[in-house]
Amino acid sequence: MRRRVLTGLLATALCLGAAPVFAQAAPTNLGTFKAWTSWQGQDDYGKICFISAAPDSSEPTQVNGKPINRDPPHFLIIHRDKAPAINADGTAAKDKNGNPVFRKVRNEVQTLIGYPMQPTSDSFSHSADIDGKSYPMKSIQDDPATPIKDNEAAWLASMDDEAGFVAAMKKGTKTADTYSLGGVTAAMDAIDKACP
């Protein structure tokens, strides 16, 4: 649930190339730090902050001599004051009374690819690499009953990897997928301050 909401809000806005559109109001640009921009806004659950960047380059640009038609790809790190907790099987967590469980989210790693991907399975996976370390990512099948393109996004497969991934980004200069890490520390500092 948390991931579906974030994908829809951010994918729609980032594909338009403008500041993301939120349920309550347009977010505030907290600053651009080289390749990364920091944002703060509100969604249905409260304050949300994130950084985003477009890749320095994307390959391939053509398949069989024809240009690839895709929405602009982006990489994001997201903080939320309140988000629905998700069980390991992808279902919404509930308390003993059946009420939704919420949690504070820090350093959620997400990438928007710009085209439909095959969902992660035992025989198919995605990864993000930084300084020679590979982090497994997962994607989900699209739900045609919603306008959100779930199958165009991927997240780190384990929330336990999120803090280490962000720490590696802060130390590095380039990731394996050619996103520049220039400005990522300043951008993260801006959202850490805005969403403590």
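Two strands are taken to pair if DSSP finds at least two bridges between them, and strands themselves (E, at least two residues), like helices (H or I, at least four residues), are DSSP runs numbered from the N terminus. This is a predicted model, in which local features need pLDDT of at least 70 and side-chain atom pairs count only at pLDDT 80 or more, whereas totals for chains, interfaces and linings use all residues. Residues are numbered from 1 along each chain as its sequence is written, and side-chain values use heavy atoms, with hydrogens and water left out.

**The β8-β9 hairpin**

Strand β8 (residues 126-130) pairs with strand β9 (residues 133-138) in the antiparallel sense over five bridges, and A128 has Y135 of β9 as its bridge partner. The two strands form a hairpin with two residues between them, and D131 in the turn has a positive phi of about 45 degrees.

**The disulfide**

With a disulfide defined as a pair of cysteine sulfur atoms within 2.5 Å, the count comes to one disulfide. It is formed by C49 and C195, whose sulfur atoms lie 2.1 Å apart. The pair links distant parts of the chain, since C49 sits in strand β3 (residues 46-53) and C195 in the segment after α3 (184-194), 146 residues apart. The torsion about the S-S bond of C49 and C195 is about 70 degrees, so the disulfide is right-handed. The accessibility of each cysteine is set out below.

| Cysteine | Relative accessibility | Class |
|---|---|---|
| C49 | 0% | buried |
| C195 | 1% | buried |

**Helices α2 and α3**

The axes of helix α2 (residues 162-171) and α3, being lines fitted to C-alpha atoms over the stretch in contact, with angles from 0 to 180 degrees between N-to-C directions, come within 8 Å and cross at roughly 135 degrees. The contact (heavy atoms within 4.5 Å) is made by V166, M169 and K170 of α2 and by V184, T185, M188, D189 and D192 of α3.

**Confidence**

On pLDDT, the predictor's confidence in each residue from 0 to 100, the protein averages 79, and 82% of the residues score at least 70. Among the elements of the protein, strand β1 (residues 28-33) has the highest mean pLDDT (96) and helix α1 (residues 2-16) the lowest (34). Over residues 1-23 pLDDT stays under 50, and for these residues the model has 69 contacts beyond four places in sequence.

Terms used:
Buried < 20%, exposed > 50% of the residue type's maximum accessible area, 1.4 Å probe, protein only.
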